[in-house]
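User: I have a two-chain model open. I want to go through its sheet, its helices and its chain contact with you.

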Amino acid sequence: MRRLVVILPVLLFAALLGIMAALLTDGERNNDPSRLPSPLVGKTAPVISLPAIAENIPGGFSTEDLKGHVTIVNVFASWCIPCLAEHPLITKLAADGARVYGINHRDTAADATTWLRRHGNPYEAIGADTDARASLEWGVTGVPETFIIDANGKIAYKHAGPITPEVLEGKILPKLREAEGG
Amino acid sequence: MKQIPAILALTILVVMAGGPPALAVEPDEVLANPVLEGRARAISTELRCVVCQNQSIDDSDADIARDLRLLVRERLVAGDNDEEVVDYIVARYGDFVLLRPPFQPNTLALWLGPPLMAVIIATLSVLFYQTYQRRRRAGTGPEPLSPSDRAELDALVERIASTNPPSPSSVPRSRFRAEIEEGLKPPPDPDDELPGADESSDNDTHAGNADTQRQT
């Protein structure tokens, strides 16, 4: 009994350290905000309807327009550096046949137009979300974020943060195939 | 001229103290209806700014916090009750936006962990205290005489008694034993105390007695 009194706190402390170490080192569950699971995944995408950025840029779309096809919806902004970093991969996705829509997050028409002219516009259509109200509706915490919406309008996957080649190969493409197959 | 450092110090102090804490809520966000605004403020303090992690949207200057504050007000104006407003945001951002996590299966450890720890620590404290008390109680009072001590004591008493033939005036033999056993004084070393009777103090009862007995 007396030995238990001495050993028990040590054991409890060791167990606590173990749990903390496991949680800190487990990449899928660690406290990185970009890894927060979105409660919207698996649910129908909340209804949004966005105007075009400018007349000469194809755009303006609503959730209704997304139905019938698997689509990728990329939230971006001209002021967002990681967006620029992932832009070639978004462009490649579109070139490979994916239907990519853009939500232009908290941007001005002039800045967005300049940015798209300079870096290319791979988007099927772009909706201007000047006040970020639509982004809120979709639970966007920052830019860039990328959603995969299945043909029924359900959010199949969401990635927060820039798409890297690893993310593209490991997450986006498999989820895209999964959504197309299902 | 001498006051300049003092004035400077005071200025720095005032600037650093910063006066009342700056409010994140901008005047243009505030609703005209004070009741709704009050509810909006109350809800806002319970919602996490998802990009700042430990600030409520009521405290944060982040764009998304402002957007969420406006969303809260928009829902309130639309007629939602407080719970509906919170549910609306939780549906989009998950339980993570709640600064006060809900009590549900995946938060059991969070809610029950601390009370459980308190119970464990209280139990251990009681056990430690009891052990301590038991040891302390065992430590007070004289150690019981070991058999060898007892034998030595008996021999000593025997020797004193043999050099002190009992007489009506002398102290009864039983008192020697009682006094020694109670530890009122350490058992005298026979080689030291009995011959050196002169060194004995007046209240040194048995030695003094032995002395007088021998002198007579």
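User: How many bridges join β3(A) to β4(A), and are the strands parallel or antiparallel?

Analyst: This is a predicted model, so the answers describe computed geometry. Val75(A) stands opposite Ile103(A) in β4(A). β3(A) and β4(A) run parallel, and the number of bridges joining them is six.

User: In which sense does β3(A) pair with β6(A), and over how many bridges?

Analyst: Strand β3 of chain A covers residues 71-76. Ile72(A) has Ile148(A) in β6(A) as its bridge partner. The sense is antiparallel, and the count of bridges is five.

User: What is the strand order of the open sheet in chain A?

Analyst: β3(A) is joined to β4(A) by six bridges. β3(A) also pairs with β6(A), and β6(A) is joined to β7(A) by five bridges. The open sheet has five strands with mixed pairing, in the order β5-β4-β3-β6-β7.

User: Which strands stand at the edges of that sheet?

Analyst: An edge strand here has a single partner strand, so one of its sides is left without a neighbour in the sheet. The strands at the edges are β5 and β7 of chain A.

User: By how many degrees are neighbouring strands of this sheet turned against each other on average?

Analyst: The sheet has mixed pairing. The average ignores strand direction. The value is 20 degrees.

User: Is β6(A) covered on one face or on both faces?

Analyst: In a regular strand the side chains alternate between the two faces of the sheet. On one side sit Glu145(A), Phe147(A) and Ile149(A), all buried. On the other, Thr146(A) and Ile148(A) are buried too. Five of the five residues in β6(A) are buried, and the covered faces are both.

User: How many residues of β4(A) are buried?

Analyst: β4 of chain A spans 99-105. The strand is mostly covered. Of its seven residues, the number buried is six.

User: Which residue in the turn between β6(A) and β7(A) has a positive phi?

Analyst: The two strands run antiparallel, and Ile149(A) stands opposite Ile155(A) in β7(A). They form a hairpin with five residues between them. Phi is about 85 degrees at the turn residue Gly153(A).

User: At about what angle does α6(A) run to β7(A)?

Analyst: Helix α6 of chain A covers residues 165-181. α6(A) lies across β6 and β7 of chain A. Its angle to β7(A) is about 165 degrees.

User: Is Arg106(A) buried or exposed?

Analyst: Arg106(A) is in the loop between β4 and α4 of chain A. Its phi is near 50 degrees, positive although the residue is not glycine. The cut-off for burial is 20 or more other C-beta atoms within 10 Å. Arg106(A) has 20 such neighbours, so it counts as buried.

User: How many other C-beta atoms lie within 10 Å of Ala132(A)?

Analyst: Ala132(A) is in the loop between β5 and α5 of chain A. Its phi is positive, about 65 degrees, and it is not a glycine. Ala132(A) is buried, and the count is 22.

User: Which element gives the most to the side of chain A that touches chain B?

Analyst: The contact takes 18 residues from chain A and 18 from chain B. On the chain A side, α1 and α5 each supply at least two residues. By class, that side has 11 nonpolar, four polar and three charged residues. The top contributor, with five residues, is α1(A).

User: How many helices does chain B have?

Analyst: Its elements run α-α-α-α-α-α-α-α-α from the N terminus on. There are zero strands. Buried residues make up 13% of the 216 in the chain. The helix count is nine.

User: Are α3(B) and α4(B) parallel, antiparallel, perpendicular or oblique to each other?

Analyst: Their axes come within 9 Å and cross at roughly 135 degrees. The crossing is right-handed. Among the residues that meet are Leu68(B) and Leu71(B) in α3(B) and Tyr88(B) and Ile89(B) in α4(B). Angles over 145 degrees would count as roughly antiparallel, and these helices are therefore oblique.

Key
Residues numbered from 1 in each chain as written. Chains lettered and ligands numbered in written order. Predicted model: local features only at pLDDT ≥ 70, side-chain atom pairs only at ≥ 80, totals over all residues. Buried ≥ 20, exposed ≤ 12 C-beta atoms within 10 Å, placed from the backbone. Helix = DSSP H or I, 4+ residues; strand = E, 2+ residues; numbered from the N terminus. Pairing = 2+ DSSP bridges. Contact = placed C-beta atoms within 7 Å. Nonpolar A, V, L, I, M, F, W, Y, C, P; charged D, E, K, R; others polar. Axes fitted to C-alpha atoms, helices over the stretch in contact; angles between N-to-C directions. Parallel < 35°, antiparallel > 145°, perpendicular 65-115°, else oblique. Left-handed = near helix turned anticlockwise from the far one by under 90°.
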